[in-house]
Structures are given as C-alpha cells and as structure tokens.
Amino acid sequence: MSFSISVLRDDFDVGQEYSALIADDTAAGAAVFFVGRVRDFNDGQAVTGLSLEHYPGMTEKILEQILEEAKQRWQLVSARIIHRVGDLQLGDQIVFVGVTSAHREHAFQAAEFLMDFLKTRAPFWKKEINQEGKTVWVEAKDKDNHAVERWGSETNPASS
C-alpha cells in the first residue's frame, strides 16, 4: 500500500506517476487516474494562463485529510495526489489523482470523490489571466459544491 501527496511547482510525468501508483501492486484489479490541465476558456471567457497559490503546510494537511476520508470510504490499495502551484500556461498539467483498488467501482468513486473535494475544499487559490492580461480570481462553482454534497458528507475536511 502506498499513499502520497505532493504539491509541486514543477511539471510531473503521467507515465512515471502511474508506474509509481501501481509499483509492486498485485492486489489491485483496477487503476483509475485523472489529469487536469489548463484550458483556454472558463465561463465563456478566453484564458491565456493560470496562477495557483497555496498555504504551505495547511494545504498538505487538508489533502491528507481528504485522502484519509477516501481511504475510510473505499477499499483502496494505493493513491497519489499531485497538485501544482505557480504560473502555468495553456495545456500545462495542474493535477494528478490516481487510485487503485481490487474493484473498479471503488477506484472510480474514490478518484471522483478526491477531485470533487480538491476542487472545493483544498486551499488552492486560482487566478486566471485573460486575453487583455487582466487577472480574475476563480471561486468554486455551484456545480462543484453540488458534486461534494452528493457524497453525503456534511464534514468539511478543512475544519477537522
């Protein structure tokens, strides 16, 4: 079993992260991963870049709490969460969430849960740069907050 969390400025290699996720793992029959990238639009507006900030120490603690809740809900063999910070360009990778489990339902659900909570509860502050070079702070969307509600948890990992 291997569980890890990283907050990085540098890019990551998806192939290497997947290899690390499944290394020495013969118990898991399912591996699911998600990679989030910087796209060129948001809310109908053109985006030219993204800057992500975080609170070192607190961010990792909350990511650990989110991962711990996923481990309690599903039978996971391993999980990796990587989230980048700093200035990112269009197409750059932002986040990697990977999980393994004996069964696909657990892997899919846990990966989706982790992403839902990363989007709404992890202390990352996202600032988009538009075509005019202006910056706009981005808040969690209603759809992201509704996604968290469906997990039936009233608990905010940040308040534990």
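This passage walks through the overall build of the protein and then turns to its sheet and the helices beside it.

The model described here is predicted. It contains 4 helices and 9 strands, and, read from the N terminus, these elements follow the order β-α-β-β-β-α-β-β-β-α-β-β-α. A compact globule of 160 residues would have a radius of gyration near 15 Å, and the protein has 16 Å, so the two agree. Along the principal axes, the C-alpha atoms occupy a box of roughly 50 × 35 × 30 Å. Of the 160 residues, 43% are buried. The accessible surface amounts to about 9,000 Å², with 45% of it belonging to carbon and sulfur atoms. Contacts also reach across the sequence: among those between residues at least 6 apart, 79% join residues at least 24 apart.

Four strands form an open sheet in the order 1-5-7-2, and their pairing is mixed. Strand 1 (2-8) and strand 2 (30-37) are the edge strands, each pairing on one side only. From one strand to the next, the twist averages 5°. Strand 2 and strand 7 (residues 93-101) run antiparallel and are joined by 8 bridges.

Helix 1 (residues 14-22) touches strand 2, strand 5 (76-84) and strand 7, and its direction makes about 25° with that of strand 7. Helix 3 (residues 104-120) also touches strand 2, strand 5 and strand 7, but the direction of helix 3 makes about 150° with that of strand 7.

Notes
Residues numbered from 1 in each chain as written. Predicted model: local features only at pLDDT ≥ 70, side-chain atom pairs only at ≥ 80, totals over all residues. Heavy atoms only, no water. Pairing = 2+ DSSP bridges. Helix = DSSP H or I, 4+ residues; strand = E, 2+ residues; numbered from the N terminus. Axes fitted to C-alpha atoms, helices over the stretch in contact; angles between N-to-C directions. Contact = heavy atoms within 4.5 Å. Rg over C-alpha atoms; globule rule 2.2 N^0.38 Å. Buried < 20%, exposed > 50% of the residue type's maximum accessible area, 1.4 Å probe, protein only. Areas by Shrake-Rupley, 256 points an atom, 1.4 Å probe, with all protein chains shown as cover.
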